[in-house]
Structures are given as structure tokens and as C-alpha cells.
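Let's take a walk through this structure together. Keep the sequence and the 3D view at hand as you read.

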Amino acid sequence: MLDNNTNGNQLVAVPEPHRVAVPLTVPRWEPEEPVVPLSHYLWIVKRHRWKILSAIAACVIAAVILSARLTPIYESTATVDIDRRIPSGIVGQEAMQSVTNDADQFMATQVKLIQSDSVLRPVARKYNLREHEKGIPDSGPVKGAAEETPVILKKLKVTRPPNTYLMLVSYRSPNRQLASDVSNGIVQSYLTHTYSIRYKAAAGLSQFMELQLEELRAKMERSSAALAQFERELGVINPEEKTNIVSARLLQLNTDYTKAQTDRVNKEAAFNSVKSGSLEAAQVSSQGEALKKLTEGLNDAQRKFADVRTHYGDNHPEYRKSQAQVGEAERLLKSTQDSIARRVEIEFRETLDRESMLQKAVAGTKTEFDRLNARYFEYQTLKREAETDRKLYEELVRKIREAGINASFQNSSIRIADPARPGLKPVFPDMPLNVGLAFLFSSLLAVGAAVLSDVLDNTIRDPEQVSRTLKTVVVGSLPMIKNWRGRLMPLAASDNGGGERTPSTTRSDKNLTGFDEAVRSLRNSILLTDFDRRLRSVLMTSASPSEGKTTVAVHLALVHAEQHHRTLLIDGDLRRPSVHKFFEISNNIGLSKVLLHGFPWRDALVKPRPEADLYVLPAGPVTRRSADLIGKILPQLLEEASEEFDLIILDAPPLLGFPEPLQMAAAVDGVIVVTRAGQTNRSAVATLLHTLSRLRASVVGLVLNEVHKDMSHSYYYYGYYGKYYRESKTDGRN
């Protein structure tokens with residue numbers, strides 16, 4: 001028969017008419033990152049509170065004892081004030097140096113300088129600090145070699161308060177006076193060393209400059225001699241002034257030469273005009289006035305001669321007189337004209353000669369000027385070199401004198417502001433601090449260890465963990481009972497005087513009341529769950545032995561039979577049967593006989609308690625061959641028994657490692673997995689659930705066995721059962 005699930009699950013073949021397909025409740029297990037609430041960590045602390053408090057108390061007590069036994073250490077501190085405004089020298093540039101913005105670098109340099117070997121070595125030798133700090137042996141060759149190593153004082157501390165120019169030099173020692181002396185000695189050694197290195201640096205610089213001074217003096221003398229020799233060769237006192245005179249003369253000659261050229265051009269034009277014989281040209285010359293008068297006289301004589309010739313004729317004495325006057329005037333005019341021509345020529349020749357002379361003078365002066373210019377550049381080079389050597393020599397002499405003065409100057413920019421004094425109270429050990437730190441760190445470590453142990457715990461503990469990690473449900477939790485086996489076995493029938501027999505009345509109510517109530521809760525959780533159909537057969541199994549599955553199966557069968565339901569308990573553990581031990585019944589006939597020899601299973605049933613509708617089918621004699629027949633006969637047996645009994649509980653061997661529990665799981669209506677809280681590994685249960693899912697077996701859920709209220713915050717109510725019953729009995733007596 002096939003049953004089709006409405007949720008879309010696969011069809012499951014059911015050979016028996018009473019079985020239907022049940023959806024798989026547990027898919028393939030996949031680990032996921034757990035989300036742990038904060039309350040869980042608080043519960044962890046509460047659970048391990050006594051261990052945590054014990055660890056904290058032990059650490060605090062140990063801190064107190066150790067602090068009391070330690071040698072007290074005293075600390076003395078000397079304060080050094082550094083004034084950056086005071087210059088490092090009293091003369092020269094060092095006296096005018098301004099404060100630079102390098103306070104942090106400067107102070108860090110001073111801190112390192114105080115911790116240097118040159119500062120610490122004199123103090124260490126004076127107070128034998130290496131032996132006090134156990135830095136070297138007292139004697140022997142090793143001590144001699146160690147003396148050459150840098151001195152490092154482990155108990156020395158040099159600090160700088162923020163935003164100050166102060167340095168605190170502190171030293172610790174069991175001897176109060178020694179701590180004070182060492183701090184003051186280190187500060188004094190630091191001041192001495194600072195002055196020493198500055199003096200040595202200045203002295204070294206002066207020595208180096210003195211060596212350079214001799215060479216510079218010789219160089220200055222050579223350059224001065226070369227300049228004097230050049231001036232002697234030049235023949236002047238100041239070549240620069242000579243050059244200026246030549247420049248002025250050349251400029252004047254150029255001006256005169258230009259004028260001479262202009263005059264020559266004018267004279268040459270006049271000469272050419274006069275040379276042509278033109279009277280007008282002669283008149284415009286420099287001699288034109290005399291010639292102009294003679295011309296006017298000639299004109300008057302000719303006009304008068306014309307009148308005389310007109311009036312007197314050619315033979316009249318006046319005619320001859322006038323004619324003679326005209327001839328004389330013409331002769332004078334001709335003579336004057338010739339004289340003017342000669343004078344113009346002479347003036348032209350003179351102007352031409354003057355121009356030629358000026359041209360030669362300009363050329364000569366220019367040649368001299370060029371020669372002086374060429375020598376002037378050489379002179380300037382020699383002069384600059386001589387002046388540079390002289391200035392450098394003078395500057396070097398001044399520097400040497402300043403370095404000598406500044407080297408002897410005791411700078412007061414570094415001074416002791418507050419000397420160290422012996423301490424009144426030891427700074428180590430600090431009892432309150434040590435106790436506080438011990439309390440703090442021990443608390444953190446104890447709580448961390450408790451949380452870490454819980455995180456590393458890979459066992460099943462509480463329902464929330466099962467639901468979160470295994471994706472299944474916990475149908476019941478059974479509390480832990482002290483002396484478990486002695487308390488729960490046997491369960492033979494006994495009478496309490498009133499004819500009523502129950503598991504709780506046949507044993508100690510004080511110890512087992514909680515367990516009985518938990519079994520009843522398990523019964524109701526299984527039977528009242530809303531399954532697709534009523535469970536008629538249930539398999540009780542576990543992942544590994546000693547999980548308590550048989551005990552749970554026995555008590556579950558008992559409490560179910562108390563409700564007057566016909567209950568069948570089958571011991572399916574054919575390898576290590578134990579159900580018969582709980583009821584103190586015979587195990588000679590049982591399931592193994594039914595499987596091997598076909599013995600009627602009804603004839604093998606035993607009713608251990610007449611008042612309860614409980615029947616037990618023991619396992620029978622132990623044999624391995626009977627386990628191979630379970631898959632063939634058990635389904636038919638369960639089918640027949642389900643018609644007569646309301647519930648069949650099959651106690652099976654551990655599922656992991658044995659084959660028959662797999663066949664049993666496929667034959668029953670539901671499988672209940674029993675685990676021991678805090679003992680069973682989650683991986684084993686996950687493997688078991690995965691195996692059942694492959695078999696398409698219906699897993700009802702997990703049962704957590706042997707739980708107690710300290711195992712998880714989910715079990716806080718387990719301590720209420722005994723208290724509730726005791727209060728009920730007290731109320732009844734009243």
C-alpha cells in the first residue's frame with residue numbers, strides 16, 4: 001500500500017495495513033554556527049560559580065602572600081629643567097641662535113643621552129651598581145670581559161612629563177639612600193658629560209680651524225702679492241680710475257672727430273663752389289663781404305663810365321679816366337676773387353688734415369681703451385681673490401676666538417630643578433594594586449576558562465542546543481539519580497499495604513519522585529504529540545552503550561501500563577539483554593526462541609506485575625544467529641501484537657555499530673533516541689539521525705537522560721519536585 005503525503009514528500013511503501021507513510025522529521029544533519037544568547041553565558045558563570053570563586057580566592061591569596069614576601073623597593077626621582085631659551089654660547093652666532101620648534105626631538109635626544117654608557121658608567125663604578133643589579137659576576141675573567149660592555153641599568157627610568165621641558169630621572173633600590181644617591185649622581189654625570197662633549201667639540205673645531213688657518217694665510221699672501229705685481233706692471237695706482245680717464249678722452253675725441261667731419265664737409269662744399277669760379281659762390285664764402293664791396297665799386301665805376309661815354313665820347317679825358325677806374329675795379333675784384341679761392345682751399349685743406357688727425361687719435365685711444373679693459377678684468381679677478389682670501393682669513397680668526405670663548409662657557413640651560421631624596425614608602429610591592437590585578441585577571445581567566453570549557457564541550461546538554469544544532473526535538477528529559485542502578489533495580493511487584501503498586505511507591509519517594517514524574521511527562525509528550533496517526537510501536541535506541549535506554553524503556557512501559565493500557569515491552573537487545581533483570585524474571589524463553597525456533601511469541605510473554613497491564617517479552621538466550629532473523633520475523637510479530645496491545649516498546653541495541661537496530665527502526669512506527677546529557681557526543685547523535693533519515697524512519701525525538709539543574713538553565717525546575725512533595729506531606733500532617 002502506498003501513502004501519498006499532502007506536503008509533497010516522497011511515497012513510502014507500507015506492506016502492513018496498519019502502517020502509513022510518516023514524513024521524515026530529521027533531515028540530513030549539517031552543522032551550523034550556533035547563536036548563543038547572553039543568558040547562556042550568565043548561566044555558565046552561575047553553574048561554575050564555586051569553581052570561579054575558588055580560583056579567584058586562590059589567586060588573591062597567592063598575590064597577598066607573594067606581595068608580603070617580596071623585598072620592598074624604594075624609588076628616588078631627580079628633576080632636570082632644560083631651558084631652551086638660553087643660547088649655547090655667549091659670543092658669535094651661538095649667542096644669537098633662536099629657539100627652534102623641535103622640543104620633542106630635543107627632549108627624546110636628552111633622554112637617550114642620560115641612558116648612554118658615558119653617563120651611566122661613572123655612577124655604576126662609584127656605587128658598584130652592576131653587582132647590585134647582578135649584571136656581572138663578582139670576579140673572574142668573565143667579569144673583566146663584561147666591564148667592556150655598555151652599562152645598562154634595569155632599575156633606571158627616565159621620563160618626560162607631557163608638554164614640559166622637565167626630565168624625571170628615577171632609580172629603584174632596596175636601599176633608600178642608594179636610590180637617592182644614584183639618581184643625583186646620574187643627573188650630575190649627565191651635566192658633566194654634556195659640558196664635556198660640548199667643550200671637546202669646540203676644541204676639536206678650533207684645532208681643525210687652526211690647521212686650516214696656516215694654509216689660508218699663505219693663500220692670502222700669494223693673492224695679495226699677485227695683485228700688487230699686476231698694479232706695478234700696469235703702471236698706475238688704480239687701474240679702474242685710469243680706465244675711466246681713457247673712456248672720457250675717447251668720448252671727447254669721438255665728439256671732436258664728428259665735428260671735424262661736419263666742418264670738413266662744409267669746407268669741401270665751399271671749396272668746390274669757389275673752384276668752379278662762380279662769383280656768387282665766392283660771395284657766400286667766409287670772405288664774401290670784401291668781394292661784395294668790390295663788386296659794388298665795380299658796378300658804380302661801370303655805371304659812371306657809361307655816363308661819361310655817353311656825354312663825352314671815347315676821346316674825352318673823362319672817358320679815359322672812367323675807363324681806367326673801371327679797369328682798376330675789375331683788377332681788384334679779380335685779385336680779391338683769386339685770394340678768396342686760395343683761402344677757401346687752405347681752410348678745406350686744414351679741415352681735412354684736422355679730421356685725419358682726429359681719426360688717428362680716436363683709433364689710438366680706442367686701442368688703449370681695449371687694452372686697459374682686458375687688463376681690468378684680470379685685475380678685478382685678482383682683486384676679488386685677494387679680498388676673499390683676506391675676509392676668509394679674518395672670519396676664521398674670529399671663529400677660532402669665539403670657539404675658544406664659548407668652549408669655556410658653562411651653559412646653564414640644563415640645571416637640576418629638584419634633587420632626589422630618599423623615599424619614605426616603598427613603591428614595590430604595591431599590595432592593593434597586586435591584589436586588584438590578581439582579582440581582575442583571575443576573574444577574567446576563571447570566567448574565560450568556564451566559557452571555553454562550555455564552548456569546547458561537544459556533548460548534548462539541553463533542548464535548545466539540540467534544536468539549534470541537530471534540527472530535532474527533545475521529547476523528554478530525565479533527571480540524574482544518585483546510585484542510579486541501585487535505585488532503579490529491581491522493579492519486582494511489592495505491596496505497600498493498600499494493594500496499590502507503582503514504581504514510585506516501590507522505591508524511595510525522596511530520590512525517585514522527580515524521575516517518575518519526568519517519565520510520565522515523557523509518556524505524555526510521546527503519546528499526545530500530534531502525529532499523522534497514533535503510535536502503536538516505538539523503538540528505544542541510543543548512539544552508544546550505557547546511555548540508559550533500557551531503563552527509560554522499562555519505566556516508560558510501567559507508567560503507560562499504569563493508565564490501564566495494554567503495554568508490551570520487548571527486549572530486542574539479543575547481545576546484552578537486561579530487561580529481565582529489572583523485573584527479576586527468567587530469560588530462558590524469549591525473542592531469540594521465537595526467531596530461531598518459531599516459538600509462539602504469546603507463550604513467551606511474562607506479566608511481571610499482576611496489577612498492571614504490562615507484558616514483557618524477554619530477549620531469551622544470547623545468540624548471534626537470532627539477530628539475522630529480525631528483519632524477516634519482527635515486522636510480522638509487531639503487526640500481530642499491535643492488534644492486541646495499545647503500545648509496543650522495543651528495546652534495541654545501540655544503533656551505531658550493530659545491524660539489527662536498523663531493521664527494527666524500519667519496522668516500528670517511531671524511533672526514540674536516548675542520550676546521556678553531558679556525556680553523549682553530538683557528532684555520534686548526528687550520525688545516528690542521518691542514518692535513520694536514510695532509512696526513512698520516523699524519529700519521534702530525543703530523550704536526555706541523567707540531566708541535572710547545573711547542566712543547563714533549561715533544567716532549573718528539577719529541584720522543585722522533592723520540595724513540592726515535602727510541602728504536600730507537611731500540609732497533610734497538619
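Helices (H or I, at least four residues) and strands (E, at least two) are DSSP runs, numbered from the N terminus. Residues are numbered from 1 along each chain as its sequence is written. Bear in mind that this is a predicted model, in which local features need pLDDT of at least 70, side-chain atom pairs count only at pLDDT 80 or more, and totals for chains, interfaces and linings use all residues.

The peptide bond leading from F428 into P429 is cis, with omega near 0 degrees.

In the loop between β8 (537-542) and α16 (549-562) you will find S546, whose phi is near 65 degrees. H564 belongs to the loop between α16 and β9 (567-571), and its phi is near 60 degrees. With a relative accessible area of 62%, H564 is exposed; S546, at 51%, is exposed as well. Here, buried means under 20% relative accessible area, exposed over 50%, and partly exposed in between (1.4 Å probe, protein chains only).

For a contrasting setting, turn to helix α8 (residues 239-275), which contains L250. L250 is buried because its relative accessible area is 12%. Although L250 and V362 are 112 residues apart in sequence, their C-alpha atoms are 6.3 Å apart in space.

L433 is partly exposed, since its relative accessible area is 45%.

Key. Side-chain values use heavy atoms; hydrogens and water are left out.
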